[in-house]
Amino acid sequence: MISHETYENIPGQSKITFLLQAIRNTTAAEEARQMAAVLLRRLLSSAFDEVYPTLPSDVQTAIKSELLMIIQMETQSSMRKKICDIAAELARNLIDEDGNNQCSQNSGLREAAFTFSGTYMDLIFRKIECHNVTAAFILANEHNVALFKHFADLLPGFLQAVNDSCYQNDDSVLKSLVEIADTVPKYLRPHLEATLQLSLKLCGDTSLNNMQRQLALEVIVTLSETAAAMLRKHTNIVAQTIPQMLAMMVDLEEDEDWANADELEDDDFDSNAVAGESALDRMACGLGGKLVLPMIKEHIMQMLQNPDWKYRHAGLMALSAIGEGCHQQMEGILNEIVNFVLLFLQDPHPRVRYAACNAVGQMATDFAPGFQKKFHEKVIAALLQTMEDQGNQRVQAHAAAALINFTEDCPKSLLIPYLDNLVKHLHSIMVLKLQELIQKGTKLVLEQVVTSIASVADTAEEKFVPYYDLFMPSLKHIVENAVQKELRLLRGKTIECISLIGLAVGKEKFMQDASDVMQLLLKTQTDFSDMEDDDPQISYMISAWARMCKILGKEFQQYLPVVMGPLMKTASIKPEVALLDTQDMENMSDDDGWEFVNLGDQQSFGIKTAGLEEKSTACQMLVCYAKELKEGFVEYTEQVVKLMNNDDVSLTIKRVRVAAAESMPLLLECARVRGPEYLTQMWHFMCDALIKAIGTEPDSDVLSEIMHSFAKCIEVMGDGCLNNEHFEELGGILKAKLEEHFKNQELRQVKRQDEDYDEQVEESLQDEDDNDVYILTKVSDILHSIFSSYKEKVLPWFEQLLPLIVNLICPHRPWPDRQWGLCIFDDVIEHCSPASFKYAEYFLRPMLQYVCDNSPEVRQAAAYGLGVMAQYGGDNYRPFCTEALPLLVRVIQSADSKTKENVNATENCISAVGKIMKFKPDCVNVEEVLPHWLSWLPLHEDKEEAVQTFNYLCDLIESNHPIVLGPNNTNLPKIFSIIAEGEMHEAIKHEDPCAKRLANVVRQVQTSGGLWTECIAQLSPEQQAAIQELLNSA
């Protein structure tokens, strides 16, 4: 055995020779041969360009021949696979991005490379055990479309190998086909019909085992997700696949103990029924309801009329499965569907009744809140009746679960009329099931009923107060006494229920039990360290503490020393990660709790998800404490900041990363009380991590939250919070984000020219576009926070982004680009003037032009910019204020200016006119414009601009402006009407100084009796009440 150092010092060519000899030596130990194979593949992967091209051509040819010979001679399947991996790596490196030999322009060598690749591939197809190499080769070249054409002729042989291997009880080639469908579906295009027909045939062949049939179905379902437009052209295949999925869903076993089983077993994901349902759900989402619903509707109707319960069960489960994907199409016939499904809540077979509950619950979620608004009466009555099914507790429990789905998304006003009846039923079932728990130890229905009570209270809020005393004693009794291991879930759900009821009824009502409840929670908390890691009470406890914090407010601070230890322990759970090759992954896939991401090149990134849900909940609760307790949480800010900025966070699930981002500005607010030095130290710890995360976060939802939090942090910290290195890194990242934005738009335009482009593709492209625009809004947020903190000092740094921002406002760009480009320039004018005029050549003409744009969002951004130009812009902007006025008036006076979609833009125009008159009065004829401006008031949609206009109105009234007051104060009734309308629309908060100014105007008139009577007499009763409300509050 040679040492690592000795091996590293061997020249490249000698290494290849040495390793090939070791692989060929069948008398050597298996481990040694396998290690030699791994090292040779690694050498070709990492150092191909340094080693292989320098070899003489005869040596290159000898290596290829030797590899092919070893593959044919090898008898050990695992060893043969590793040698095939070497061959695939060599073949991959011999071909460049255009599908040509990259070592030489010599046509003979190029032909040799293809001959090798072709011979090698041909050999692979004859040797079923080597299937992975074929897939690995294609997958390794997933972006090399030119290569697909070269190797398209190999597909029929590959498909034959898929077929043959299945009938030799080997599904490994089929797994490779699934992987190709997932990663490089376009490779299958030339033989897509044959691929689909083969998959359909294998799926329908009951002589194959379930796993093989499900894998064959997986090929079609995966293509419906990765190549939906391509598959939509093969409607005949889709039409034949749907009955196959439904047939799988009928594959259920009779189970005499099912109806009253007290433990819910996890779904058997290997069963045909679960696989069929999951496939149907995914296919409906992938292909869309326009295609799927017409194909499946008749099948489902026939199944629901079948005398065999399994068909009725499958039909109802199918309805549940397609709701998300067929949402739009099902909405139109929802009335018919709901009426039909509700009939099955009275089906003679309990498992059909269960499936009907499932369908109702799923529709309540998929079609909320419209479903609740249309069907509240019949659905609540039907579910309550089903919950009385005492002989079948599985059905009872599922009816309760459906009721939870219904009430969670039910508007409060709709639920209130049913409260008495709901409470009566839930209470009687709870009492009965509590007795059964004591007598028989059964708990399944009680677990769901407790959650139903919690859900009803959560929606009803203060309307639940009259029922509080009916439930609380029993719920406290459960928490006190349900201490056995098998009752942990019940106890956890009851703790959740108590805390939700407390939050619903409010502190005043809950205080009578708060002390008892806190003692029960504290007792549980002291036992926390003895809890097993998978104890379901943990996450319920963590959430309950946070609700108690919301209820008790500052009084909760005293419990933090008890709560924070276990909470930090859970929040600190480290994700277990691993980088594995395909074989290792297959060995580990049976191990619970691992999820894998394919990285290509036969490698996968694995993460153990066990405990991450609890970690997520704990992190969200830390956010809650920081938000609710503010400076009361300061003792814990340092350890929470360190936790949230730990490198492990970037490896965890989405909700943990979101919580980490959300916590940052809140923790800074908590830490303010410790003074500027402590705050700055904490910010420095956060800042690098936040900037890095903006550059590296792959998920757009998480990225937007990180960017939003970063902007908030800058607003908290203000001028001086970023050093030169921060600015340099941030500038590069924002530049990259904007460039990516433009590139993505171009890629979407390319996709619109694709042969598979259709209206469903357009829908998904629109979704991508919306995501991109949302990130653009966050770029704008960050720039806003920087401009508002640093003012004109930051303009030299901003110049690196200037060409990209100018590109956003070009006339040919989509309206969201122009809107957000203008918003960024609005900030430049507002916060960096008069220095902003340096860049006026880039934005002034577009801003004036876009005031009259077709898009109201663009008009609003342009109008706001013209307003701040008048307010902050300095003398250079004077002529442009004069030019802007008629454009603004044109928008305000257009016939549809006050419609819902236009009103915000119009109010910004009105505000801009007010700002021009107030800050640049010599640019316009104020006396001519003022009467018009008064006639446009009040503003009430855009609250910020409403305050601006009301403050200007107060300025004019307080200075006794003759045009505003009118001769002999004849305009005062009109002014009262404006103030009253503003109050009615809550345009100004009572704590705002502007509200006090308006109230003083009213009070001044109140002292002059006759004028007051005249003003009030001309107001409606609602307006009079609004004036009184203003006087009482401000």
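UniProt positions are given here in the numbering of this structure, with feature names shortened, and the annotations may be inferred rather than shown by experiment. On that basis, the UniProt record (an unreviewed entry) places the feature "domain: Importin N-terminal" at residues 19–73. The model is predicted, so that local features need pLDDT of at least 70 and side-chain atom pairs count only at pLDDT 80 or more, while totals for chains, interfaces and linings use all residues. Residues are numbered from 1 along each chain as its sequence is written, and side-chain values use heavy atoms, with hydrogens and water left out.

Helices (H or I, at least four residues) and strands (E, at least two) were taken as DSSP runs numbered from the N terminus. The span 19–73 is 80% helix and 0% strand, and its end C-alpha atoms lie 17 Å apart. Helix α3 comprises the 17 residues 30–46. Its expected span (1.5 Å times one less than the number of residues) is 24 Å, in agreement with the 24 Å between its end C-alpha atoms.

Burial was assigned by relative accessible area (buried under 20%, exposed over 50%, partly exposed in between; 1.4 Å probe, protein chains only). In α3 the buried residues are Arg33, Ala36, Ala37, Leu40, Leu43 and Leu44. These fall within an arc of 125° (from the directions of the helix axis to the C-beta atoms) and therefore line one face of the helix. Glu31, Arg42 and Ser46 are exposed on the other side of α3.

The structure holds zero disulfides (pairs of cysteine sulfur atoms within 2.5 Å). For Cys619, the nearest cysteine sulfur is that of Cys624, 13 Å away; Cys619 counts as buried, at 1% relative accessibility. For Cys810, the nearest is that of Cys823, 16 Å away, and Cys810 is partly exposed at 21%.
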